[in-house]
Amino acid sequence: MNLFNVYPLYDVTPVSAKDVYVYDGKGVEYLDLYGGHAVISIGHSHPEYVSAICYQVEKLGFYSNAIQNPLQEELAKRLGRLSNCEDYQLFLCSSGAEANENALKLASFHNGKKKILAFNNAFHGRTSAAVAATDNPKIVAPLNAQQQVDFVALGDLEAVEAILKKEETCAVIIECIQGVGGLDESTSGFYQGLEKLCKQYNTVFIADEVQSGFGRTGDFFAFQKHGLTPDIISIAKGMGNGFPVGGILIHPEIKASFGLLGTTFGGNHLACVATLSVLKVLETEQLTENVKRVSDYFRSKTEGLPGLKSVKGRGLMLGLEFEFPISELRKALIYEHHIFTGSAKNPNLIRILPPLTIQEKHIDKLFEALRYELK
Ligand code: PLP
């Protein structure tokens, strides 16, 4: 059988990894400034994480959500405390797209409306058809009968209000810092205005923190900089440090009922211990402090970089926007300097999404390589 060929692949085959480094079969060391799409938060193969998962898989790797799992309670408690979202309720699933699907479905159950409002250049995942193809009105939310999305420009509150006024929109979904779309962020005034409009027009406000959450921006969640209280917060990626896990945090105003949401794999024992160990390491190693320090250092190193147009993003969710397309530069970084970076929808933007354990010396290595290539 052949693989379904949907990914253009770089010619590198990682076989092992440790903290911020990835190794191929010949022992060549690569500096990982991409973390497999912002997934590696506490560093590759962190010993606390490895031993927690190994211990759990020997004991009990999986059992169904229909049976009690105290690890979920422990996770909800610890996540609530660390994220400062103690009032919220937690529903666990297995990926970012699944988290957003559940968030949108829950929104349309909550207010009975069918449309979604999202923003230009948004990225929220690649599913949506599955539940629309499910023949059971009890689990198919109203929005799936006729799913429609309105897109507006980031920052345009007038356009948002014109749409919400029609009283058809169940949810507004937003990344407070856009990921794949290119690291754009609007003002606190805009996000606060958006939240207010959602309240005014009985629309659920969903913060997609799949990429920006779990400390990546220096705050636990990116929306916290703007003082917001979203109705639903979606999470995944850095949450599991590579273990596939996702979830939504749900404001207490939205009530649960039996059967409203469900999943086979979500919240399984391994996913819980993976996430618990991520949270423990984030706290004990004070990684959000590290994020802020290294981020400031990164910005200071960008001064005078040839061809650089702007530095985008926050914390360790960063973008270097150049005056030219960056695909050749990224190839040189991988093949000549052994540094992984990421791309975005904007062809001139390099994305930097390293493990949150990264140090100044690793940033030095990147800028030495960039200056060499751009001289
Ligand atoms: N939301 C955001 C902001 C993302 O960046 C992504 C993935 O890049 C997703 C959702 C989808 O997550 P997943 O690929 O785990 O389904």
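Because the model is predicted, local features are taken only where pLDDT is at least 70 and side-chain atom pairs only at pLDDT 80 or more, whereas totals for chains, interfaces and linings use all residues. Residues are numbered from 1 along each chain as its sequence is written, and side-chain values use heavy atoms, with hydrogens and water left out.

**Domains and their interface**

The protein is divided into domain 1 (14-43 + 286-374) and domain 2 (48-284), with bounds that come from an automatic or database domain assignment. The contact between them (heavy atoms within 4.5 Å) takes 27 residues from domain 1 and 32 residues from domain 2. Their centres, taken over C-alpha atoms, are separated by 27 Å. Domain 1 and domain 2 bury about 2,400 Å² between them, with 56% of it on carbon and sulfur atoms; buried area here is the accessible area (1.4 Å probe) that two parts lose on being put together, summed over both. Of the area that domain 1 buries against domain 2, 34% is supplied by Ile-42, Arg-314 and Met-317, more than by any other three residues.

Between the two domains there are 3 salt bridges, each defined as a side-chain nitrogen of Lys or Arg within 4 Å of a carboxyl oxygen of Asp or Glu. Arg-314 forms a salt bridge with Asp-219, in which the closest N and O atoms are 3.6 Å apart.

**Two helices**

Helices (H or I, at least four residues) and strands (E, at least two) are DSSP runs, numbered from the N terminus. The expected span of a helix is 1.5 Å times one less than its number of residues.

| Helix | Residues | Number of residues | First to last C-alpha | Expected span |
|---|---|---|---|---|
| α7 | 188-200 | 13 residues | 18 Å | 18 Å |
| α8 | 269-284 | 16 residues | 22 Å | 22 Å |

In α8, 13 of the 16 residues are buried, so this helix is largely enclosed by the rest of the structure; buried means under 20% relative accessible area, exposed over 50%, and partly exposed in between (1.4 Å probe, protein chains only). At the start of α8, a side-chain oxygen of Asn-268 comes to within 3.0 Å of the backbone nitrogen of Leu-270, and just after the helix Gln-286 takes a positive phi of about 45°.

The buried residues of α7, among them Phe-190, Tyr-191 and Leu-194, pack against β5 (115-119), α6 (157-164), β7 and β8 (204-208). Just after α7, Asn-202 has a positive phi of about 50°.

Cys-170 is placed in strand β7 (residues 169-174) and counts as buried because its relative accessibility is 0%. Leaving aside neighbours within four places in sequence, Cys-170 is in contact with residues including Leu-104, Asn-111, Leu-143 and Val-204.

Glu-321 lies in strand β12 and is also buried, with a relative accessible area of 13%. The side chains of Glu-321 and Ser-310 are joined by a polar contact of 2.7 Å. Not counting residues up to four places away in sequence, Glu-321 touches several others, including Lys-309, Lys-312, Asn-346 and Leu-349.

Conventions:
A polar contact is a pair of N or O atoms within 3.5 Å; within protein, one must be able to donate a hydrogen and the other to accept it, and residues adjacent in sequence count only if both atoms are side-chain atoms.
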